[in-house]
Amino acid sequence: HIGKNSTYGENFQLGSFSYIGENVKIGKNVTIYPNSFIGDNTEVGDECIIYSNVSIYHDCKIGNNCIFHSGSVIGSDGFGFAPQEDGSYKKIPQTGNAVIGNNVEIGANTCIDRAVIGSTKIGDGVKLDNLIQVAHNVEIGDNTVIAAQAGISGSTKFGKNIMIGGQAGITGHLNIADGVKI
């Protein structure tokens with residue numbers, strides 16, 4: 001399915017049972033494998049590969065030369081709930097988006113949440129392994145690499161050229177300097 005007012009460049013390949021929403025802009029030489037979802041108002045740059053079963057929610061911005069491995073989810077709601085007097089929780093609307101830079105590779109079953117307000121940002125040249133959680137409003141600087149099973153809590157800001165090992169847990173609202181190794 002390709003929604004109304006959506007455009008795509010030359011050499012676009014769309015796999016069976018994939019869904020492209022309305023007002024989507026897809027660049028040239030993009031391959032989307034079967035069973036993938038691209039939400040309304042999303043932009044995908046040139047030379048991207050989106051493997052099977054990838055979901056990119058509405059309003060996301062994807063740069064050029066990106067690879068998304070199977071099962072990755074970009075732009076889903078962050079974990080935002082306000083406690084109520086009766087002990088229940090009320091969902092906080094996640095009205096932002098996710099912005100992915102150029103030359104980024106996202107591993108299988110990695111999730112990048114949309115921002116509450118503004119954008120969750122993944123810089124140019126970032127490489128994320130499989131099974132990583134990137135929470136709402138996180139910013140990951142250029143050329144950062146993160147190994148499998150790492151989790152990053154909301155609103156943490158990373159500098160450039162950071163290396164994070166597998167199963168690392170990063171708490172929220174931190175500012176991490178360029179070149180740090182965790």
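What you're looking at is a predicted model, where local features need pLDDT of at least 70, side-chain atom pairs count only at pLDDT 80 or more, and totals for chains, interfaces and linings use all residues. Residues are numbered from 1 along each chain as its sequence is written, and side-chain values use heavy atoms, with hydrogens and water left out.

Let's start with the sheets. Strands of a sheet pair through backbone hydrogen bonds, either parallel or antiparallel. Strands here are DSSP runs of E with at least two residues, numbered from the N terminus, and two of them pair if DSSP finds at least two bridges between them.

Strand 9 (residues 55–56) runs parallel to strand 12 (residues 73–76), and two bridges join them; Ser55 sits opposite Val73 of strand 12. From strand 12, three bridges lead on to strand 17 (residues 111–113), again in parallel, and here Ile74 faces Ile112 of strand 17. Further along, strand 20 (residues 133–134) and strand 23 (residues 151–152) run parallel with two bridges between them, and Gln133 has Gly151 in strand 23 as its bridge partner.

Another open sheet of eight strands goes in the order 2-5-8-11-16-19-22-25, also with parallel pairing. Strand 2 and strand 25 (163–164) are at the edges with a single partner strand each, so one side of each has no neighbour in the sheet. Within this sheet, strand 8 (residues 49–50) is joined to the parallel strand 11 (residues 67–68) by two bridges, and Ile49 has Ile67 in strand 11 as its bridge partner.

Next, have a look around strand 18 (residues 119–122). Thr120 and Ile122 make up its covered face, while Ser119 and Lys121 make up the uncovered one. Strand 15 (residues 97–100) pairs with strand 18 in the parallel sense over four bridges, with Asn97 opposite Ser119. Two bridges also join strand 18 to strand 21 (residues 139–140), in parallel, and there Lys121 stands opposite Glu139.

Back to strand 2 (residues 13–14), which contains Leu14. Leu14 counts as partly exposed because its relative accessibility is 31%; buried is under 20%, exposed over 50%, and partly exposed in between.

Tyr8 also brings us to the aromatic rings. Rings of Phe, Tyr and Trp (its six-membered ring) pair if their centres lie within 6.5 Å; planes under 30 degrees apart are stacked, over 60 edge-to-face, and the rest tilted. That rule gives four aromatic pairs. Among them, Tyr8 and Phe12 are tilted, at 4.8 Å centre to centre and 35 degrees between the planes. Tyr8 is partly exposed at 48% relative accessibility, whereas Phe12 is buried at 15%. Phe79 and Phe81 form an edge-to-face pair, 5.2 Å centre to centre with 70 degrees between the planes. Phe79 counts as exposed at 71% relative accessibility, and Phe81 is partly exposed at 36%.

Definitions and conventions
Buried means under 20% relative accessible area, exposed over 50%, partly exposed in between (1.4 Å probe, protein chains only).
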